[in-house]
Amino acid sequence: MDDVARNRDSQLASGGASNEEIIAAALAAARPEPRLRWLDIGCGRGDLLRRIRDEWAPAELRGIDSLDWLDEDLRPDVEFQVRPAEELAGAPAADRVLLVEVIEHLEAPWSALRAAAGVLAPGGWLVLSTPNVATLRHRLELALKGTLTSFRPGYDPHLGPALPHVSARILAEEGLVVEPPGYAGADVVSFSKGRIWPEPVRRRYPRLGSVSVIVAARRPPA
C-alpha cells in the first residue's frame with residue numbers, strides 16, 4: 001500500500017469528526033470573535049468550521065486536509081485545499097489557527113506545528129488538541145502492557161503522541177506565548193466495562209480523566 005492510500009485508510013478509520021466536547025473546548029480556547037480569519041488544519045468534514053460559520057460571522061474560513069471530504073454545505077463558505085499540513089509556505093495569515101485532533105496523525109508533526117505558527121497573525125491564537133496520554137487508563141496500560149491506549153500497535157490512524165510540554169516548547173520557539181494546558185472529553189474508566197469518568201471527578205483531576213489535552217498559544221501583537 002502506498003503512502004497516499006495508507007493515509008486515506010487511516011483518516012477514514014478515524015471518521016474525520018471530533019468529539020463534540022473537544023470541539024467546544026478547542027473553540028473556547030481560541031477566543032472566537034466576529035470578523036476573524038480562521039484556518040482549520042486537518043479540517044476533516046468540517047464540524048468545527050460549521051460552528052464558526054454559524055455562530056461567529058467570520059471574515060474568512062479556510063480549511064486544509066489530506067483528503068477532499070469537506071461536507072457539501074460548507075463548500076460555498078470555506079476556501080478548502082487538499083495539501084499537507086506541513087506545507088503552508090505562502091499561505092495567507094490567519095487570526096485563528098486550529099489543529100484539532102490532527103497532530104497525532106501526521107508524519108512530521110513538529111514541522112506542521114511550526115508551519116501553523118508561521119501563518120498566525122500578530123495578536124492571533126493557535127489551538128491544538130490531541131489525545132491525553134496522562135490519563136489513568138494510559139498509565140495503567142503502559143504499566144501492564146507497555147503500550148499506550150491511543151497508540152496501540154495496529155491502530156494506524158494515530159502515529160505518535162504529541163506531549164503538551166513538547167508542543168509548548170515548539171510554539172515558544174516560534175515566538176508564541178503558551179498557556180497552561182487544558183483538558184476536554186471524558187475518558188473511559190479502566191476495568192469498568194465502558195463507563196466514563198463523571199464530571200465532578202474530571203473537574204478535580206482533569207489530567208487523569210480527560211481524553212484530550214488542549215494547548216493554546218498567542219502571538220503577541222506587533
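Trainee: Is E141 buried or exposed?
Mentor: E141 counts as buried, at 9% relative accessibility. Buried means under 20% relative accessible area, exposed over 50%, and partly exposed in between, with a 1.4 Å probe and protein chains only.

Trainee: What should I know about the model before going on?
Mentor: This is a predicted model, in which local features need pLDDT of at least 70 and side-chain atom pairs count only at pLDDT 80 or more, while totals for chains, interfaces and linings use all residues. Residues are numbered from 1 along each chain as its sequence is written, and side-chain values use heavy atoms, with hydrogens and water left out.

Trainee: Back to E141. Which residue forms a salt bridge with it?
Mentor: R152 does, and the closest N and O atoms are 2.8 Å apart. A salt bridge here is a side-chain nitrogen of Lys or Arg within 4 Å of a carboxyl oxygen of Asp or Glu.

Trainee: Which parts does that pair tie together?
Mentor: E141 is in helix α5 (136-145) and R152 is in the loop between α5 and α6, so the pair ties together parts that are 11 residues apart in sequence. Helices (H or I, at least four residues) and strands (E, at least two) are DSSP runs, numbered from the N terminus. R152 counts as partly exposed, at 40% relative accessibility.

Trainee: How many salt bridges does the structure hold?
Mentor: It holds 21. In general, side chains of opposite charge can pair when their charged atoms come close.

Trainee: What about R169, which residue does it pair with?
Mentor: R169 forms a salt bridge with E173, the closest N and O atoms being 3.7 Å apart. The two are four residues apart in helix α6, so about one helical turn separates them. E173 is partly exposed at 47% relative accessibility, and R169 is partly exposed at 49%.

Trainee: Which residues are linked in a network?
Mentor: A network of salt bridges links D47, R50, R53, D54, D71, D73 and D77. Within it, R53 bridges to D54 with the closest N and O atoms 2.9 Å apart. R53 is partly exposed, with a relative accessible area of 22%, whereas D54 is exposed at 51%.

Trainee: New topic, strands. Why is β2 called largely enclosed?
Mentor: Five of the six residues of β2 (residues 60-65) are buried, so the rest of the structure largely encloses this strand.

Trainee: What does β2 pair with?
Mentor: β2 runs parallel to β1, and five bridges join them. β2 also runs parallel to β3 (residues 79-82), with four bridges. Two strands pair if DSSP finds at least two bridges between them.

Trainee: Now the inside. Which residues touch the most other members of the largest nonpolar core?
Mentor: They are I41, V97, L99, L113, L126 and L171, in a core of 28 residues. Helix α4 gives the most to this core, with five residues. A nonpolar core is a set of buried Ala, Val, Leu, Ile, Met, Phe, Trp, Tyr and Cys residues joined through side-chain atoms within 4.5 Å.

Trainee: What does L99 touch?
Mentor: Not counting residues up to four places away in sequence, L99 touches I41, L113, A116, L126, V127, L128 and S129. Contact means heavy atoms within 4.5 Å. Apart from this core lies another, of 24 residues, including L48, L61, L70 and A216.

Trainee: Where does S210 lie?
Mentor: S210 lies in strand β8 and counts as buried, at 2% relative accessibility. Leaving aside neighbours within four places in sequence, the contacts of S210 include N132, Y183, D187 and R202.

Trainee: Last one, how many helices and strands does the protein chain have?
Mentor: The protein chain has eight helices and eight strands. Buried residues make up 45% of its 222 residues.
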